[in-house]
Amino acid sequence: MKSLVFIKSVRKLNADPQLDAQGQVNADADVGINYLDKLAIEAGLQLAGTDGSVTVASYGDPKATESTLRDGLAMGATKAVAITSDLLTDQSNQVGLGVILAEAAAQLGDYDVILTGDQAKDDAQGCVGLRLANALKLPYFDRVNDLTAADGQLNYQLLWEHGKLNGSTATPAVISVTDTINKPRLPSFKTKMTAKRAKIESLAVDQLTLMDDATWQHLNAAVVAQRFVPKPERPAAKIVNYDDDGDAAIKDMMAVLQQQSII
Amino acid sequence: MTERPIYLVLLADPAFTDKNLNLIHFAQDAFNDQPLNAVVVAPASEPAVTDYEKAGLNELDVLTYAQFSKAKVAQTAATISEFLTGQSHSAVLFGNDFGTTSIAKLVAAQLHEPLITHINDVSAVDDGWQLQKRVYNGNLLQQLTVKANEAALLTVDVAGVNDKVAAGKQVTVVKNRAVTKVATAADVSYEALSTAVDQLEDANVVVAGGRGMQGPEGFELLQQLADRLHGSLGASRVAVDAGWVGKETMIGMTGKTVVPDVYIAVGISGAFQHTIGMDQSKYVIAINTDPDAAIFKFADYGIVGDGETVVKQLLSQLKTPVAS
Ligand SMILES: Cc1cc2nc3c(=O)[nH]c(=O)nc-3n(C[C@H](O)[C@H](O)[C@H](O)COP(=O)(O)OP(=O)(O)OC[C@H]3O[C@@H](n4cnc5c(N)ncnc54)[C@H](O)[C@@H]3O)c2cc1C
Ligand SMILES: Nc1ncnc2c1ncn2[C@@H]1O[C@H](COP(=O)(O)O)[C@@H](O)[C@H]1O
């Protein structure tokens, strides 16, 4: 099978996340592949068999994108594509991103399955996969935790309330993977070296072919700004040592349970 | 503030009626007294109408067809999309559970409208609303501003909302609409993990254990404590992977999100994959032998000590079962 895997660069937070005046995560922070996207690459590698391929593609800041794509190549992807576009004018509104990625997929062609992570750590949206599928008019499955190919079909299992759903779909299809689907492989020294030297292709999305202008405007109209703020501080806990005075600790706990109307 | 009505999407499921009421309550709070319309999708108009007609809504549209099932994701989504296409709307709120989120995503794609998931707070700003959600595993909050006079779909994390709506003063206009053209449903098979009604997510008290409980016997003690406190048993992934307790008890990134009044963590280190599922609990008690364990950063009260010893002594103090 030939997979096209969309991977996102996410900034790594240090213990005390630095935000700039616009409420964005410090641009100097290290970036890495969004964790679930590594699992999407792994799923692609497992589906590839002997005659398949895995293409990784990413949109974003050029420097971050290059390092993320090289990480994807180091895992074993066969081709890497950096996507640029002038259509996402407002960087704090990423609602239309899935449509831009769909345009990129349409230009690239040559895939049996499009894989994404279920959601990115930095926005936890989980919307890219479904927009891709919708724009390309392909079937879509999210929260997939098992995926195999047989007779040109894809058999999937996805997590569902109190259970799982099993089904199969014709290809091409768009699949978003969840964190129980596999364990991503680590790059070897050899693949790292190859990745370092590999060529990264670039692809520009400069017009919409899959969506008309009015629909695009409608999609992008509502969200006007986005910023991050630190989580509220939790006051430090009262901590006691059981070996110092066990009875007092238990008394405290009983008092807490009473205070909270539990007993 | 807006001419366009706000909609709530309620999927009929006896197990979710309380969550749907919490969603209504959240919206009433968040959109201070703006008229709220709700659309219920259900196999039949009863009990949907009786469940929600006194909830203080402005209008209740009940879409019914006999074969409705939430698990038929695409079919349900198509029904909702078709309905919303015909109604001018501003924000549309959905619940945040697995199935409802999947449905909300498909609706957002079909309507070409933005979807912002996991919202836990809404406040009014000029011409719109500021929405808040947790990102980076709960380490940062993201705030998004949306315009009130444009359409946006939201899924709302109602885990923290536990005051159900009071009977409303508002008269609800009920519109029954039988759906005659239902989209075809894909062929899927459902494999239930457990048939027992799951209490953990709604528990007022959660007693959770990790590797520090050292085996299934430790978890028997925790189960006793949970029973005494009318609570539910929870666990870390390590304890689940070791087979000491069932999968359905796992709390965290891969498991459940709980928001009890009291969370008791025994022998749990406090890895972020675990804490993301419990860090909204109202009061956290942590028991751990390691004074530097990360779990103490999430705690209100901490005991440095052996889990088994502390729990045994607490149990002996709680000798008689407490009245509920
Ligand atoms: C993709 C991914 C998803 C994950 N999802 C989840 C998830 O959903 N939920 C989850 O819980 N984990 C999850 N994990 C695992 C998580 O990273 C941690 O490994 C796990 O939460 C640790 O469990 P623990 O605290 O029981 O064990 P440990 O980290 O080993 O901690 C045991 C603790 O017990 C204490 N202890 C030891 N002996 C005693 C004693 N006698 N009395 C009291 N305390 C004692 C120790 O000091 C220590 O703090 C996930 C990991 C990954 C990679
Ligand atoms: N900028 C991007 N470039 C490539 N893929 C992306 C990008 N943003 C998101 N994705 C993909 O979409 C998935 C879901 O992201 P999100 O909808 O942002 O939560 C991610 O796991 C990636 O697979």
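**The interface between chain A and chain B**

Colleague: How much area is buried between chain A and chain B, and what percentage do carbon and sulfur atoms give?

Modeller: In this predicted model, buried area is the accessible area (1.4 Å probe) that two parts lose on being put together, summed over both. The size of an interface is often given in this way, as accessible area lost when the parts come together. Between chain A and chain B the buried area is about 6900 Å², and the part given by carbon and sulfur atoms is 61%.

The model is predicted, so that local features need pLDDT of at least 70 and side-chain atom pairs count only at pLDDT 80 or more, while totals for chains, interfaces and linings use all residues. Residues are numbered from 1 along each chain as its sequence is written, chains are lettered from A and ligands numbered from 1 in the order in which they are written, and side-chain values use heavy atoms, with hydrogens and water left out.

Colleague: How many residues does each chain bring to the contact?

Modeller: Contact means heavy atoms within 4.5 Å. By this rule, the residues taken number 70 from chain A and 81 from chain B.

Colleague: Which element gives the largest share of the side of chain A that touches chain B?

Modeller: Elements are DSSP runs numbered from the N terminus: helices (H or I, at least four residues) and strands (E, at least two). Among those giving two or more residues to this side are helix H4 (128-136) and strand S7 (140-150) of chain A. The largest share, 9 residues, belongs to H7(A).

Colleague: Which residue of chain A forms a salt bridge with Lys105(B)?

Modeller: A salt bridge is a side-chain nitrogen of Lys or Arg within 4 Å of a carboxyl oxygen of Asp or Glu. The count between the two chains is 2 salt bridges. For Lys105(B), the closest N and O atoms are 3.3 Å apart, and the partner is Asp142(A).

Colleague: Which strands are at the edges of the open sheet of 6 strands?

Modeller: Two strands pair if DSSP finds at least two bridges between them. The order is S13(A)-S15(B)-S14(B)-S13(B)-S11(B)-S12(B), with parallel pairing. An edge strand pairs on one side only, and the two are S13 (238-241) of chain A and S12 (232-235) of chain B.

Colleague: Which residue of S15(B) stands opposite Ile239(A)?

Modeller: S13(A) pairs with S15 (residues 301-304) of chain B over 4 bridges. Asn241(A) stands opposite Val304(B). Opposite Ile239(A) stands Gly302(B).
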